[in-house]
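Visitor: I am new to this structure and would like to learn how to read it. May we go through it feature by feature?

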Amino acid sequence: MWDYTEKVIDHFRNPRNVGAIKDPDGVGEVGSLACGDALKLMFKLDDQQRIADVKFQTFGCASAIAASSALTEIIKGMTLGEAEKVTNKDIAEYLGGLPEQKMHCSVMGREALEAAIRNYRTGESATTELEGRVVCTCFGVTEDEIERIVRDNNLSTVEEVTNYCKAGGGCGGCHGEIAEIISRVRGEPVQVEQPRPAPKRITNIERIKLIEETLEREIRPRLRQDGGDIELVDVEGNRVLVSFRKACAQCPAAKFTMKDVVEAPLRQFVSPDIVVEEVKP
Amino acid sequence: MRNVYLDNNATTMVAPEVRDAMTPFFEELWGNPSSIHTFGGQVGKYVEEARERVAALIGADPSEIIFTSCGSESDNMAVRGAVEAAGGYPHIITTRVEHPAVLAICRYLESRGCRLTELGVDSKGQLDLDQLKDSLRADTAIVSIMWANNETGVLFPIDQIAQIVKGAGCILHTDAVQVVGKLPVNVRETPVDMLSLAGHKLHTPKGVGALYVRKGTKLNPLIHGGHQEGGKRAGTENVPYIVGLGRACDLAAVNMKEEMIRVKTMRDRLEDGILATCSDVRVNGDREHRLPNTSNVGFEYIEGEAILLMLDEVGIAASSGSACTSGSLEPSHVMRAMGVPFTAAHGSIRFSLSRYNTDEDIDHTLKHLPQIVKRLRELSPFVQQVGARRE
């Protein structure tokens with residue numbers, strides 16, 4: 001049972017400013033059905049360039065609905081200059097706080113607002129394209145976004161980052177990278193795990209055996225969790241040819257999977273110069 | 001406000017008869033059954049009586065029943081006990097839709113060096129039995145496959161599974177926590193080697209379970225330190241709760257047939273009512289092979305936690321496989337294993353009934369649920385897109 005404040009419950013039960021605006025000046029859309037929450041925000045400006053009307057539609061849990069509703073109340077009457085200074089913390093504070101694991105709902109509000117302002121100013125599409133390097137492939141969170149959330153909210157652990165923007169909340173493969181980003185933003189020394197040294201001077205047969213073992217021990221269990229699988233097709237020097245099976249074969253995120261889930265462990269446990277290539281069956 | 005409890009796969013109301021049977025063991029009969037004096041020793045016979053009652057409900061011999069603290073303990077004991085009795089780092093087979101009590105101990109043992117096969121399921125939540133056959137190996141120490149799924153109610157064909165596993169000479173454990181008390185169970189006809197059950201799913205308080213262990217099954221104990229339960233599970237017996245479990249098994253045996261028809265009728269009316277009044281709804285799981293009390297319904301384009309909280313406002317208690325309710329970010333592992341589309345998994349609601357539900361409960365739910373779904377869909381950005389596509 002979540003410990004929601006009365007204000008969260010109030011905004012969930014009686015959300016303010018629900019709906020759509022005809023001919024809006026700015027529209028921002030973030031999230032997706034797959035991610036479990038999504039927000040569409042639109043506003044209209046008056047002749048003094050203030051937000052005269054703002055409406056939202058949200059798919060999500062009680063706190064996602066409440067955070068969207070709170071956001072619209074906060075920014076109504078603001079100039080865009082004022083509105084773009086609104087942070088996710090402002091949204092959470094307006095609601096008297098959100099449970100830690102639900103902080104990502106407040107971040108979603110801020111992201112939608114930014115997307116809507118950008119849409120108004122530049123005419124860029126209302127949906128945010130992922131820009132920069134994607135760290136969390138499960139939820140599509142970029143390095144820039146994680147850096148910003150760590151800075152804005154003074155976060156210090158991977159778990160906190162997951163609570164605030166979902167990064168690291170899926171397969172967990174990016175936890176090490178998130179920890180590095182936190183350390184970098186906070187100016188602390190990075191503690192990188194030493195990779196296990198690969199055995200030296202192995203025969204090709206030993207090498208193939210080691211690759212098979214690593215596939216079975218490190219890689220397949222993770223793919224199978226999502227209904228996928230992988231087969232080793234061939235090994236040519238440092239090139240490892242594999243073929244995805246089942247769910248992985250149709251997965252749009254497969255190229256990320258290839259790098260993070262398949263190549264990285266093979267480089268760690270077999271040889272650092274391995275390059276994995278997908279062969280279509 | 002009306003209190004409509006439709007979350008009986010989570011836990012059940014304590015039956016008044018069970019509570020009454022337990023009371024003397026808090027008031028007068030609080031001795032230790034292992035004591036040599038009469039005051040304590042006299043309690044022992046009630047524990048044995050309870051053991052007989054539990055055994056009778058599932059067709060076992062009383063000596064094959066070990067009392068535990070909960071279903072999770074029974075599951076852990078079965079899997080770990082069999083692996084340790086086999087020695088070394090043997091192979092384990094389970095399914096991807098097991099309760100975490102089984103899945104987590106299997107994965108833990110895998111992290112300690114055992115080999116693990118997790119069988120997948122199809123879109124109805126059913127296993128491929130040929131895949132089970134192919135997965136069995138000479139060093140497979142245990143196969144642990146649930147009888148009924150807690151989220152969807154889907155029943156696995158445990159008789160066929162037992163034939164396959166026993167045919168290969170392997171040990172079969174089944175987590176029957178959701179089945180015992182709801183459907184007839186007879187371990188003489190269904191030759192599983194071990195079977196877990198939990199009291200609070202059949203109207204005892206939380207804190208008591210049992211593991212059936214077929215005579216001759218090699219099993220190491222989980223808890224060491226005493227002679228209780230034939231040396232298989234140390235710890236002074238939780239006498240009042242064990243007695244309560246015995247009484248609950250009695251009640252289940254007497255009432256099961258008639259009640260399951262009544263409960264199933266209510267469940268079907270609820271489900272048919274939802275399908276008739278709400279659009280973009282799907283039933284998750286195999287409708288032909290299901291517990292009679294469970295319905296798992298996916299409401300597309302809306303999110304489970306929001307539905308649950310609105311149901312809660314009108315006094316209806318249910319649960320969800322949505323990510324948000326569990327605190328994790330991904331929807332339930334069962335929904336994912338079945339390949340339920342995210343659109344429906346996030347909005348999946350489980351209704352689970354018991355003999356204490358009434359027709360009025362169903363009326364109340366069918367009165368409020370369609371309005372709640374409509375209200376949340378008015379908030380959802382996806383519904384208009386869907387509508388627009390259709391026009």
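**Reading the features in turn**

Guide: Let us begin with the place where the chains touch, bearing in mind that the model is predicted. The contact draws 23 residues from chain B and 22 residues from chain A.

Visitor: Which helices of chain B each supply at least two residues of the side that touches chain A?

Guide: They are helix H10 (304-313), helix H11 (323-326), helix H13 (342-345), helix H14 (359-379) and helix H15 (381-390) of chain B. With three residues, H10(B) gives the most to that side.

Visitor: How do the residues of the side of chain B that touches chain A divide into nonpolar, polar and charged?

Guide: On that side of chain B, twelve residues are nonpolar, six are polar and five are charged. As a general idea, the size of an interface is often given as the accessible area lost when the parts come together.

Visitor: Into which domains is chain A divided?

Guide: Chain A has domain 1 (6-122), domain 2 (134-186) and domain 3 (204-278). Taken over C-alpha atoms, the centres of domain 1 and domain 3 of chain A are separated by 42 Å.

Visitor: In what order do the three strands of the open sheet in chain A lie?

Guide: The order is E1-E2-E3 in chain A, and the pairing is antiparallel. Strand E1 (26-32) and strand E3 (51-59) of chain A are the edge strands, each pairing on one side only. From one strand to the next, the twist averages 10°.

Visitor: How many bridges join E1(A) to strand E2 of chain A?

Guide: Seven bridges join E1(A) to strand E2 (residues 37-45) of chain A, and the two run antiparallel. As a particular case, Gly28(A) has Leu41(A) as its bridge partner in E2(A).

Visitor: Which helix lies across E1 and E2 of chain A?

Guide: That is helix H5 (residues 103-122) of chain A, which runs at about 140° to E1(A).

Visitor: Let us turn to a single residue. Is Ala66(A) buried or exposed, and why?

Guide: A residue counts as buried if 20 or more other C-beta atoms lie within 10 Å of its own. Ala66(A) is buried because 32 other C-beta atoms lie within 10 Å. This residue belongs to helix H2 (residues 62-75) of chain A.

Visitor: Which residues does Ala66(A) touch, not counting residues up to four places away in sequence?

Guide: Ala66(A) touches Val8(A), His11(A), Phe12(A) and Leu95(A), on that count. Ala66(A) and Glu93(A) are 27 residues apart along the chain, and their C-alpha atoms are separated by 12 Å.

Terms used:
Residues numbered from 1 in each chain as written. Chains lettered and ligands numbered in written order. Predicted model: local features only at pLDDT ≥ 70, side-chain atom pairs only at ≥ 80, totals over all residues. Contact = placed C-beta atoms within 7 Å. Helix = DSSP H or I, 4+ residues; strand = E, 2+ residues; numbered from the N terminus. Nonpolar A, V, L, I, M, F, W, Y, C, P; charged D, E, K, R; others polar. Domains from an automatic or database assignment. Pairing = 2+ DSSP bridges. Axes fitted to C-alpha atoms, helices over the stretch in contact; angles between N-to-C directions. Buried ≥ 20, exposed ≤ 12 C-beta atoms within 10 Å, placed from the backbone.
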